[in-house]
Amino acid sequence: MYELIQTGADTWYMSAPTNMGFYRYSRTEVCAIDAADKPTAEQALRHIKEQGWRLTKLFLTHSHADHVSGAAYLREQTGCEVYAPGISAAAVEHSFLIATTLYGGRPAEEMCSRLLLPPACPCKELTSDALPDGLEFTRLDGHDMAQAAFRTADGVWFTGDCVISAEALEKHRISFMYNIGQHLQSLEKLSGLSGELFIPAHDQPCRDVKPLAEINRAAVLEVASDIRNMCAQPVTIDELIEKSLEKYGIRLYLMQYLLVGETVRSYLSWLLEKGEVGTVFSGTKLLWQNTEEQ
Ligand SMILES: [Zn+2]
């Protein structure tokens with residue numbers, strides 16, 4: 001853990017709870033992919049110095065705290081420019097938006113835990129012009145509102161959280177998601193990408209990402225089916241969240257409630273758009289029901 005591993009002539013990654021990528025695009029200049037948390041970013045900076053490199057750019061795959069929390073530190077220490085795809089750039093710069101989206105209103109201070117909210121960091125929206133020669137990106141939205149994967153000239157892909165490990169899926173079954181339809185499309189897109197090596201942020205690198213993408217796809221469809229079944233009788237969103245926490249054995253605390261809450265709401269939107277669940281009112285109560293049962 002935390003060692004620097006070379007995976008191509010100009011590509012390295014640091015194995016960590018959130019893997020960080022490095023791409024050397026001139027004799028001494030490197031860019032980093034993802035910033036993990038601050039202690040991990042500190043370790044990354046020690047490696048960068050030991051190698052005699054200069055960090056000029058930091059590319060974030062998406063806005064979640066476990067990918068972004070080290071960004072402000074790296075920028076402060078090196079003056080590197082920070083980029084994130086689409087709307088994620090706004091969430092990196094104004095990180096309270098993450099808690100606002102999770103809660104659906106102004107979050108109370110106790111909803112703004114450091115685990116959810118990275119220190120705010122100036123961040124530009126990612127465009128091709130920002131990339132050094134040899135680095136490319138493609139969008140893999142869905143897990144977050146905007147997510148990018150990066151490919152170095154050595155054919156190494158850093159895929160953010162588009163896929164999570166088979167072990168994590170086995171253990172938790174439900175994983176955080178913003179847009180289910182987009183996420184399924186992104187999994188298909190990821191399966192079609194050509195590359196030498198794929199490095200998910202929280203898993204071992206693999207040469208063939210298709211089997212993992214398929215496991216992730218099956219998990220999404222299984223959760224969707226569970227949620228449909230939980231709507232056999234009309235239920236409120238809060239009851240659905242409660243049922244999900246029970247079904248997946250998730251211990252309830254405020255942060256978990258927010259994360260599972262957003263994910264369950266996102267599944268409901270997708271099922272509603274597909275016509276598989278519908279809304280009914282009971283008095284002033286909004287209820288969700290499987291359309292087969294209506
Ligand atoms: Zn994430």
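This is a predicted model: local features need pLDDT of at least 70, side-chain atom pairs count only at pLDDT 80 or more; totals for chains, interfaces and linings use all residues.

Biologist: Let's start with the overall layout. How far apart are the C-alpha centres of domain 1 and domain 2?

Modeller: The protein is split into domain 1, covering 4–221, and domain 2, covering 223–290. Where they touch, 20 residues come from domain 1 and 14 residues from domain 2. As for the C-alpha centres of the two domains, the distance between them is 28 Å.

Biologist: On the side of domain 1 that touches domain 2, which elements give two or more residues?

Modeller: By class, that side of domain 1 has 13 nonpolar, 5 polar and 2 charged residues. The elements giving two or more residues there are helix 5 (96–103), helix 7 (180–191) and helix 8.

Biologist: Now helix 9. Why do its buried residues line one face of the helix?

Modeller: Helix 9 spans residues 237–247, and Leu240, Ile241 and Ser244 are buried in it. On the other side of helix 9, Asp238 and Glu246 are exposed. Looking down the axis of helix 9, the buried residues line one face because they fall within an arc of 100°.

Biologist: And what covers those buried residues of helix 9?

Modeller: Helix 9 is followed by glycine 249, with a positive phi near 60°, but the cover comes from other elements. It includes helix 8 (210–230), helix 10 (254–273) and strand 13 (285–290).

Biologist: Is cysteine 31 buried or exposed?

Modeller: You'll find cysteine 31 in strand 4, residues 29–33. Its contacts, leaving out residues up to four places away in sequence, include Tyr23, Leu58, Phe59 and Leu135. The cut-off for the call is 20 or more other C-beta atoms within 10 Å. Cysteine 31 has 24 C-beta neighbours inside 10 Å, so it counts as buried.

Biologist: Which residues touch the most other members of the largest nonpolar core?

Modeller: In soluble globular proteins, nonpolar side chains tend to be buried together. Take leucine 60: beyond its neighbours within four places in sequence, its contacts include Ala35, Ala71 and Val92. Of the 62 residues in the largest nonpolar core, those touching the most other members are Ala32, Ala35, Leu58, Leu60, Ala71 and Val92.

Biologist: Last one: which residue of strand 2 stands opposite glycine 8?

Modeller: Strand 1 (residues 4–8) and strand 2 (residues 11–14) pair in the antiparallel sense over 4 bridges. These two strands form a hairpin, with 2 residues between them. Opposite glycine 8 stands threonine 11.

Definitions and conventions: Residues are numbered from 1 along each chain as its sequence is written. A residue is buried if 20 or more other C-beta atoms lie within 10 Å of its own, exposed if 12 or fewer, and partly exposed in between; C-beta atoms are placed from the backbone. The arc is that of the directions from the helix axis to the C-beta atoms. Two residues are in contact if their C-beta atoms, placed from the backbone, lie within 7 Å. A nonpolar core is a set of buried Ala, Val, Leu, Ile, Met, Phe, Trp, Tyr and Cys residues joined through C-beta atoms within 7 Å. Two strands pair if DSSP finds at least two bridges between them. Domain bounds come from an automatic or database domain assignment. Ala, Val, Leu, Ile, Met, Phe, Trp, Tyr, Cys and Pro count as nonpolar, Asp, Glu, Lys and Arg as charged, and the others, Gly among them, as polar.
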